[in-house]
Amino acid sequence: MLFHQCWTALACLLALAELGVAAADAARPPNIVFILVDDMGWTDLGCFGSELYETPHIDRLAAKGMRFTCAYSACTVCSPSRAAVVTGRYPARLHLTDWIHGHRRPKAKLRVPAWTEYLPAEEVTLAAALKKAGYVSAAIGKWHLGDGPEHYATQHGFDLNIAGFGAGQPPSYFSPYKIPTLADGPPGEYLTDRETDEACRFMEEHRDRPFLLYMPRYCVHTPLQAKPPLIERYRQKITPGMRQTNATYAAMIHSLDESVGRLLAKLDELNLADHTVVCFTSDNGGLIGGEKRRVTSNAPLRAGKGSAYEGGVRVPLMIHWPGVTTPGSACGEPVIGIDYFPTFLEMAGLAVAPDDGHALDGVSLAPLLKDAHAALGREAIFWHYPHYHPGGATPYSAIRAGDYRLVEFYEDQHVELYNLRTDVGEAHDLAATQPERAAGLRRRLAAWRAEVGAQDPTPNPDFQP
């Protein structure tokens, strides 16, 4: 009898302990794995229409979560987009509007403003904000938000910085890497694989507390370097008529996809998959390259990285929020890089509205992740690039409101207007046939620039045609 009573008491205690663990798990905010690819175009994935690139692991991630078909980067180049992701603020408000350190055009028609070539220390990052909910954070990969250790990720709220420094591309994708914040691996080790090793180690070490794993990947930025067997695999796959024809670039995407597969497998191994949000996107549109060495194609979009058009800013995006997103769902609402900050704060159970005086420009995507047809309550999104870029951009601003996108070019003050629902390739300028709509959007664009304190270019006294 006594044995039976003791066994019953022990069983009750074990049951209570299990309930306590379950309650603790339910109360714990989700882990966040944010994968930000460099220079990946809108159609550079199988699930976004590529015929050449093989991305089965990323495609499965899309099938588990929600795919956004009108997702945008906050800029047509990388540093401003990354600053927008980690702060939730428009690059124009930050005065960080070009890749660090930009292209010099001393004889151009316009002189670019004196913009900020680092992420200011007073800016509150996602990592710093999530500390209030007990998160530990790591930035693994490309940082590119200021030269010198005083500007690295660990000075901006991240607990760990691996491989991030001031440069915008790796000296080499094969070890020795010559990256000051990453010890070289065995000769020939591939950087994409190494980043994955470090990420898996971080998740394993911090499995018992909520974590933010920010993975701003170096790939698929130049220099185009990939594993030779994969390059040969894609050389044999390319056939006449394919839009995308660069075997080395395809091989880089293949290694990226394998990396994502390893990350997802690690979450399964650690029993964290059902409690981890995974977000995958790109920092700007795909790099087209020159006629002699075409990198990728963003068709049907117009142009690519460094341009004023859709090909420069429309990017792939998928988010899997376990228990919330409907598997295989798609959303056509326009969203932009400034939205991740408030989205992840809401997921973590934190107030989206900041209490530190820093204005957030983004809105939480949580309503869309719950219902693809929900209303965000936002009328327009904006871009401001007062710079020149070899990808084709001259200083411009742009606005998308509903189906329409208007681009204002500063050199000659002309505007172009496109209906993206009927003309995603921006082939038919409607500014002359819809002057009232164009004028209205232009006024809203000017009002937004004034609101965020955007810096404008000025006439260049050294201009030479």
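These notebook entries record what I looked up in a predicted model.

**Entry 1. Nonpolar cores**

I began with the largest nonpolar core, which holds 61 residues. M203, F211, L213, F280 and M318 touch the most other members of this core. I then listed the elements that give two or more residues to the core: strand 1 (31-37), helix 2 (56-64), strand 4 (136-140), helix 6 (191-205), strand 6 (211-216), helix 7 (228-237), helix 8 (247-269) and strand 7 (276-282). Helix 8 gives the most, with 11 residues. Apart from this core lies another, of 47 residues, and I noted I32, L94, V277 and L345 among them. As general background, nonpolar side chains tend to be buried together in soluble globular proteins.

I looked up F211 in more detail. Not counting residues up to four places away in sequence, F211 touches N31, I32, V33, Y135, V136, F202, M203, H206, L267 and L272.

**Entry 2. Helix 2 against helix 8**

I asked at what angle the axes of helix 2 and helix 8 cross. The crossing is at roughly 55°, and the axes come within 7 Å. Helix 2 is therefore oblique to helix 8. On the side of helix 2, the contact is made by P56, H57, I58 and L61. Helix 8 contributes D257, E258, V260, G261 and L264 to the contact.

**Entry 3. Aromatic rings**

I found a count of 18 aromatic pairs. One of them joins Y72 and W383, an edge-to-face pair with 5.2 Å from centre to centre and 70° between the planes. Y72 lies in strand 2 (residues 66-72) and W383 in strand 11 (residues 381-385), so the pair ties together parts that are 311 residues apart in sequence. I checked the accessibility of both: Y72 is buried, with a relative accessible area of 1%, and W383 is buried, with a relative accessible area of 1%.

**Entry 4. Helix 3 and C78**

How many residues of helix 3 (residues 78-87) are buried? I found 10 of the 10 to be buried, so helix 3 is largely enclosed by the rest of the structure. These buried residues pack against strand 1, helix 4 (91-94), helix 5 (126-130), strand 6 and helix 10 (340-347). After helix 3 comes G88, whose phi is positive, near 75°.

Within helix 3 I looked up C78. C78 is buried, with a relative accessible area of 4%. Leaving aside neighbours within four places in sequence, C78 is in contact with D38, W99, K142, H144, D283 and N284. I also noted that C78 and S259 are 181 residues apart in sequence and 21 Å apart in space, C-alpha to C-alpha.

**Entry 5. D39 in a loop**

I located D39 in the loop between strand 1 and helix 2. Is D39 buried or exposed? Its relative accessibility is 1%, and because buried means under 20%, D39 counts as buried. Leaving aside neighbours within four places in sequence, D39 is in contact with D44, V220, H221, Y249, S282, D283, N284, G285, G286, L287 and K305.

Key: Residues numbered from 1 in each chain as written. Predicted model: local features only at pLDDT ≥ 70, side-chain atom pairs only at ≥ 80, totals over all residues. Heavy atoms only, no water. Phe/Tyr/Trp six-rings, centres within 6.5 Å; stacked < 30°, edge-to-face > 60°. Helix = DSSP H or I, 4+ residues; strand = E, 2+ residues; numbered from the N terminus. Buried < 20%, exposed > 50% of the residue type's maximum accessible area, 1.4 Å probe, protein only. Core = buried A, V, L, I, M, F, W, Y, C linked by side-chain atoms within 4.5 Å. Contact = heavy atoms within 4.5 Å. Axes fitted to C-alpha atoms, helices over the stretch in contact; angles between N-to-C directions. Parallel < 35°, antiparallel > 145°, perpendicular 65-115°, else oblique.
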